[in-house]
Amino acid sequence: MRKLVLAGLSVLALPLASCGQSADEAAPTLAATIDSAPQNAPGINVTDAMIRLPAAPGRPGVAYFTVTQGGGEPHAIAAAYVEGVGRAEMHETVTENGVSRMQPVKAVPIESGKTVQFKAGGLHVMLFEVADTLKAGATTEITLTLDNGDKISAPAKIESIGGGMSEEMDHSGHDMSEM
Ligand SMILES: [Cu+2]
């Protein structure tokens, strides 16, 4: 009985310990086994990552970034996550007959020598339940998960809606078309 309780506690303690600590500290056993390996998926870089805060509380925010792959096998981005956000979905804005709408994207292929941009009017990551701890001018972290389970993390600048009005209106339009 006592053993069971202790086991439960140690499982609970893991996510708590990871808060605010680096992955290395949170998972010492894993870090030890991959000591010489880079923390991020080799050859894949996420740059120019940026979070745009919601226009109003309760509305979604959006993340933009650039992914490049220097070498190795082709992969696909299977998921995206942003620290401080409840849920993140990969979307793509498509325009047909002058009407824009966005649709969920399950996987975004990447390959060596190719640059994939998540940007206004195209691929983007929609951010739901954005915590008010994310403040314009600060930095958070974006993490992409590849189809093979590898992860790539990068710092993401947090920006308010100011200066990006056109993109935000773009998204407002999508929401209205779904109503
Ligand atoms: Cu979207």
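Helices (H or I, at least four residues) and strands (E, at least two) are runs assigned by DSSP and numbered from the N terminus. By that rule, the chain has four helices and 10 strands. The model is a predicted one.

## Overall layout

Along the sequence, the elements follow the pattern α-α-α-β-β-β-β-β-β-β-β-β-β-α. The chain has 179 residues, and 22% of them count as buried.

## Confidence

The mean pLDDT of the chain is 78, and 68% of its residues reach 70 or more. Over residues 1-38 the pLDDT is below 50, and this stretch has five contacts in the model beyond near neighbours in sequence. Residues 163-170 also have a pLDDT under 50. For residues 163-170 the model has 11 contacts beyond four places in sequence.

## How the strands pair

Strand 3 covers residues 75-82 and pairs with strand 6, residues 108-110, in the antiparallel sense over three bridges. In this pairing I77 stands opposite V108 of strand 6. Strand 3 also runs antiparallel to strand 9, residues 139-146, and five bridges join the two. Here V82 stands opposite I142 in strand 9.

Strand 9 is in turn joined to strand 10 by seven bridges, and these two strands run antiparallel. Strand 9 and strand 10 form a hairpin with four residues between them. In the turn of the hairpin, G149 has a positive phi of about 95°. Strand 10, residues 151-159, also pairs with strand 1 over three bridges, in the parallel sense.

The table lists these pairings with their bridges.

| Strands | Sense | Bridges |
|---|---|---|
| Strand 3 and strand 6 | antiparallel | three bridges |
| Strand 3 and strand 9 | antiparallel | five bridges |
| Strand 9 and strand 10 | antiparallel | seven bridges |
| Strand 1 and strand 10 | parallel | three bridges |

Two further residue pairs can be found in the structure. T143 has S153 in strand 10 as its bridge partner. R52 stands opposite E159, which is also in strand 10.

## The nonpolar core

The largest nonpolar core has 27 residues, and A63 and L127 have the most contacts inside it. The elements that give two or more residues to this core are strand 1, strand 2 (61-69), strand 3, strand 4, strand 8, strand 9 and strand 10. Strand 2 gives the largest share, five residues.

L127 lies in strand 8, residues 123-130. Is L127 buried or exposed? A residue is buried if 20 or more other C-beta atoms lie within 10 Å of its own. L127 has 27 other C-beta atoms within 10 Å, so L127 is buried. Leaving aside neighbours within four places in sequence, L127 is in contact with residues including I51, P60, V62, A63, V82 and A88. L127 and Y81 are 46 residues apart in sequence, yet their C-alpha atoms are 8.7 Å apart in space.

The contacts of A63, again leaving aside neighbours within four places, include A49, M50, I51, A80, V82, F118, L127, I142 and A156.

## A loop residue: G72

G72 is placed in the loop between strand 2 and strand 3. Beyond its neighbours within four places in sequence, G72 is in contact with P42, G43 and S112. G72 and E111 are 39 residues apart in sequence and 7.9 Å apart in space, C-alpha to C-alpha.

D48 has 14 C-beta neighbours inside 10 Å and so counts as partly exposed.

N97 is not a glycine either, and its phi is positive at about 55°. N97 is found in the loop between strand 4 (85-96) and strand 5 (99-104). Because N97 has 4 C-beta neighbours inside 10 Å, N97 counts as exposed.

Methods. Residues are numbered from 1 along each chain as its sequence is written. This is a predicted model: local features need pLDDT of at least 70, side-chain atom pairs count only at pLDDT 80 or more; totals for chains, interfaces and linings use all residues. Two strands pair if DSSP finds at least two bridges between them. A residue is buried if 20 or more other C-beta atoms lie within 10 Å of its own, exposed if 12 or fewer, and partly exposed in between; C-beta atoms are placed from the backbone. Two residues are in contact if their C-beta atoms, placed from the backbone, lie within 7 Å. A nonpolar core is a set of buried Ala, Val, Leu, Ile, Met, Phe, Trp, Tyr and Cys residues joined through C-beta atoms within 7 Å. pLDDT is the predictor's confidence in each residue, from 0 to 100.
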